[in-house]
Amino acid sequence: MRESNRRYVFAKRPEGVPGKDVFELEENAVPDPGERQVLVRTVYLSVDPYMRGRMRDRESYAEPWDVGDPLKAAVIGRVVDSNYERLSEGDYVTGELDWADYTVTDGDDLHPVDPDLAPLSTYLGILGMPGRTAYFGLLEEAPPKPGDTVVVSGAAGAVGSTVCQIASLNGCRVVGFAGSDTKIDYLEEDLGIDAAINYKETENYRDALDTVAPDGVDVYFDNVGGPITDAVFTNLNTDARVAICGQIAHYNDESVPTGPRKLPQILPLRATVSGFIVSDYAPRFQEATQRLGEWVANGDLTYRETVTEGLENAPDAFLGLFEGENIGKQLVKVTDPDE
């Protein structure tokens, strides 16, 4: 156990792309748990694009941070001290905790995880929020049918790569957009999708889609927004389904960009466009985790992780999301599970 606790606080609101001055690392004594509280040592810390929205001074589906607040994230940790009857020292748990070595929190806010059933990191990835987002976002918001052409933007990320595989399991032709040749190889060779487009090396997205999806697009799972989405909308088929999961291309915009007007394209196609938040499906999370776990166990789903070592490097891991540096789930490993 460390003699002190490092913790990141939100230092300033960024304008445009965040810099490292947004993050301030402070060091204080390790806190003691109070009544019905638990002291958790961080093992893995998740960084996710939605956190950029919490840096803005306006309401969103995720509560914004105030300057001076500790940064929060989904965490896998180990209980080191407990005043909560349902958790004991040595238990592994997940919850929304600080970007820190240690966090004190109410025991009711933690959920046990079993390292014997799956690697701890997967509870922040394919068996956690990203996996559930892919599961409900595709199967409920834009349900695919066998033979459909499914296009996924941000296809090599934690959510996108899972969507690609679930679509394949449902008998669909799958096309993914990603931003490097390494990611294209991952999608086509490791995941076995039908085609992948390197958007950084492609001048005309519409022409590229016409080549790999000549029969049009039946389902679009959008993690990105921007010019890719503009191009996909021109290729939608009648009764197409679109799930809007993320818009990372716009998260650092200081004003709302003006782009092609999409409603005239949607109207004659009778297409359905759904924005969704995975927390809306909270009562069914166990269903998704069980199904995803079965697919992973029998080899129908695989996953990749990009792991950054050290709490001190968490800001770099977060900022790298906007440069597309990660393949699969981006995690920060703060300490070894048994340390």
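R36 sits in the loop between β2 and β3 (37-46), where helices (H or I, at least four residues) and strands (E, at least two) are DSSP runs numbered from the N terminus. Although R36 is not a glycine, its phi is positive, at about 60°. With a relative accessibility of 35%, R36 counts as partly exposed; on this scale, buried means under 20% relative accessible area, exposed over 50%, and partly exposed in between (1.4 Å probe, protein chains only). A positive phi is also found at D239, another residue other than glycine, with a value near 65°. D239 belongs to strand β12 (residues 236-244) and is partly exposed at 46% relative accessibility.

The model is a predicted one, in which local features need pLDDT of at least 70, side-chain atom pairs count only at pLDDT 80 or more, and totals for chains, interfaces and linings use all residues. Residues are numbered from 1 along each chain as its sequence is written, and side-chain values use heavy atoms, with hydrogens and water left out.

Turning to the aromatic residues, a search of the whole structure finds twelve aromatic pairs. Rings of Phe, Tyr and Trp (its six-membered ring) pair if their centres lie within 6.5 Å; planes under 30 degrees apart count as stacked, over 60 as edge-to-face and the rest as tilted. The rings of F23 and F318 are edge-to-face, because their planes stand at 70°, with the centres 6.1 Å apart. This pair joins distant parts of the chain, as F23 lies in strand β2 (residues 23-29) and F318 in helix α8 (residues 314-320), 295 residues apart. F23 is buried, with a relative accessible area of 8%, and F318 is buried at 0% relative accessibility. The pair of F177 and Y205 is likewise edge-to-face, since the planes meet at 75° and the ring centres are 5.9 Å apart. Here strand β9 (residues 173-178), which holds F177, is linked to helix α4, which holds Y205, across 28 residues. Both F177 and Y205 are buried. One aromatic cluster is formed by Y8, F23, W99, F318 and F322.

Y205 also takes part in helix packing. Helix α4 (residues 205-212) packs against helix α5 (residues 226-233) at an angle of about 50°, with the axes 9 Å apart. The contact (heavy atoms within 4.5 Å) is made by Y205, R206 and L209 of α4 and by P227, I228, A231 and V232 of α5.

How values were computed
Axes fitted to C-alpha atoms, helices over the stretch in contact; angles between N-to-C directions.
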